[in-house]
Amino acid sequence: MLARCVLERLPELLLTTALACLLCALVALPVRGAETEVGPMPVVDLHVDLSYQANYRARPFARGLGQFVAADLIEAGVVGVVLPLFVPHDVSPSGPRLEDLDHSYARVFEWLDNTPPYRWPGCYPESGQAVRTWLAFEGSAPLGERPDLVRWWVARGVRFFGLVHAQDNRLASSSTGASGGAVGLTALGRRLVRQIHALGGIVDVSHASSATLRDVVELARQARVPVVATHSDAAALAPHPRNLADAELALIASTGGVVGINFHSRFLARGRSATLHDVVEHIRHVVRVAGAEHVGIGSDFEGGIRPPPGLETVRGFRPLARALVAAGLSVEDVRGIMSGNALRLLCPSPPFEGSSAGLVHANGRHRGEARSWKTP
Ligand SMILES: [Zn+2]
């Protein structure tokens with residue numbers, strides 16, 4: 001009786017089962033997709049040269065060259081950016097001066113004030129609709145004779161102090177300097193680095209020679225502070241003086257620091273045009289050598305770089321995050337790489353007292369005031 005009943009109802013049962021399976025599959029689809037699909041992924045970029053484009057190339061701060069466009073930032077997931085106050089080495093016969101740093105700062109502050117969604121420098125609470133900013137130096141020679149001014153710059157929101165750019169200076173040797181990088185920190189450089197560390201600032205070793213990097217790491221260990229390389233790639237994958245050897249990557253990690261991966265094709269691949277896959281491979285390499293918690297993004301957008309196809313602008317951040325997950329990195333690690341690791345350095349908790357990691361840097365609170373601010 002039961003068998004006959006089942007037999008009679010077999011087509012109906014099969015149909016019901018088939019419908020149930022189809023429903024299961026439809027419900028499961030988005031779940032399966034979520035395993036490789038990355039949701040909203042906040043991004044903090046450790047190095048964007050908008051101040052150079054706006055101050056020295058007469059390009060609008062809101063657009064630059066079109067790589068880091070203010071109107072695209074929120075949709076691209078950008079929640080923070082480090083803006084170096086870059087001054088070209090030939091700005092005067094004696095190189096960059098204190099007044100050049102002042103000038104750059106005053107103008108950048110005014111642009112930040114007038115350009116949504118940017119906020120003034122500092123660790124504001126995250127809001128989702130604003131981009132936090134921090135300042136940096138890419139060449140700190142003007143401070144060599146005046147280490148007392150570090151306190152002033154830290155109060156203005158300078159978080160990272162790059163000692164050198166493409167040339168050697170009186171503080172240290174550059175990875176592309178005339179000395180061939182044999183000299184590390186000079187006595188002047190040593191004194192300045194100690195002062196930066198004492199005030200909670202972080203030294204940036206992108207552009208530094210190997211000898212300089214080692215000297216900085218040694219002083220950072222003594223002071224128990226991290227070292228950052230804001231925009232540098234792995235020399236093991238693409239030999240270039242600007243890239244970091246595995247031992248150097250490990251040294252930076254040993255201080256608790258972070259290496260921001262640079263999107264410039266010449267640093268990513270040798271003898272050919274780089275692809276987005278090369279960026280993924282550099283990140284995976286640094287993860288292997290230094291650990292996932294020591295990798296970040298330092299695109300070098302607006303710094304005259306030639307990024308790979310698909311990463312020409314901030315719109316490439318989301319595909320990059322997806323590619324990293326597809327390459328086998330955990331979503332948690334990718335989240336750290338895209339923003340969390342950078343924030344650990346930029347906004348340490350609890351904040352270092354009196355340092356640029358403090359909450360808010362409202363210098364020039366009133367519009368236009370920054371323009372008249374001069375280093376004392
Ligand atoms: Zn640079």
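The protein chain has 14 helices and nine strands; helices (H or I, at least four residues) and strands (E, at least two) are DSSP runs, numbered from the N terminus. Residues are numbered from 1 along each chain as its sequence is written. This is a predicted model, in which local features need pLDDT of at least 70 and side-chain atom pairs count only at pLDDT 80 or more, while totals for chains, interfaces and linings use all residues.

Of the 376 residues of the protein chain, 48% count as buried. A residue is buried if 20 or more other C-beta atoms lie within 10 Å of its own, exposed if 12 or fewer, and partly exposed in between, with C-beta atoms placed from the backbone. Two residues are in contact if their C-beta atoms, placed from the backbone, lie within 7 Å. Among contacts between residues at least 6 apart in sequence, 74% join residues at least 24 apart.

I start with strand S4, residues 131-138. Eight of its eight residues are buried, so S4 is largely enclosed by the rest of the structure. Val-131, Thr-133, Leu-135 and Phe-137 point one way from the strand, and Arg-132, Trp-134, Ala-136 and Glu-138 point the other way.

Now the partners of S4. Two strands pair if DSSP finds at least two bridges between them. Strand S2, residues 78-84, pairs with S4 in the parallel sense over five bridges, and Pro-84 stands opposite Ala-136 in S4. Strand S3, residues 118-121, also runs parallel to S4 and is joined to it by two bridges; here the bridge partner of Pro-121 is Thr-133 in S4. With strand S5, residues 158-162, S4 pairs in the parallel sense over four bridges. In that pairing Glu-138 stands opposite Gly-162 in S5.

What lies between S4 and S5 in their β-α-β unit? Helix H6, residues 150-155, and the unit is right-handed. A crossover is right-handed if, with the strands pointing away from the viewer, the path from the first strand over the helix to the second runs clockwise.

S5 is next. Five of its five residues are buried, so S5 is largely enclosed by the rest of the structure. S5 pairs with strand S6, residues 202-204, in the parallel sense over three bridges. Gly-162 stands opposite Asp-204 in S6. S5, H7 and S6 make a right-handed β-α-β unit.

That brings in helix H7. Helix H7, residues 187-198, packs against helix H8, residues 210-223, at an angle of about 35°, with their axes 10 Å apart. Axes are lines fitted to C-alpha atoms, for helices over the stretch in contact, and angles run from 0 to 180 degrees between N-to-C directions. The contact is made by Val-193, Arg-194 and His-197 of H7 and by Val-216, Leu-219, Ala-220 and Ala-223 of H8.

In H9, residues 246-254, Glu-248, Leu-249, Leu-251, Ile-252 and Ala-253 are buried. Their cover includes H8, strand S7 (228-229), strand S8 (258-261) and helix H11 (276-290). Just after H9, Gly-256 takes a positive phi of about 90°.

Within S7 sits Ala-229. Ala-229 counts as buried, with 33 C-beta neighbours inside 10 Å. Not counting residues up to four places away in sequence, Ala-229 touches Asp-204, Val-205, Ser-206, Leu-244, Ile-252, Val-259 and Gly-260. The C-alpha atoms of Ala-229 and Leu-244, 15 residues apart along the chain, are separated by 9.1 Å.

Last, some backbone geometry. Most residues other than glycine have a negative phi, and most peptide bonds are trans. A cis peptide bond joins Pro-116 and Pro-117, with omega about 10°. Pro-117 lies in the loop between helix H5 (98-114) and S3.

Ala-58 is not a glycine but has a positive phi of about 55°. Its place is the loop between helix H3 (50-56) and helix H4 (73-76). Asp-300, also a residue other than glycine, has a positive phi near 70°. Asp-300 lies in the loop between strand S9 (295-297) and helix H12 (317-326).

Is Ala-58 buried or exposed? Ala-58 is exposed, with 7 other C-beta atoms within 10 Å. Asp-300 is buried, with 26 other C-beta atoms within 10 Å.
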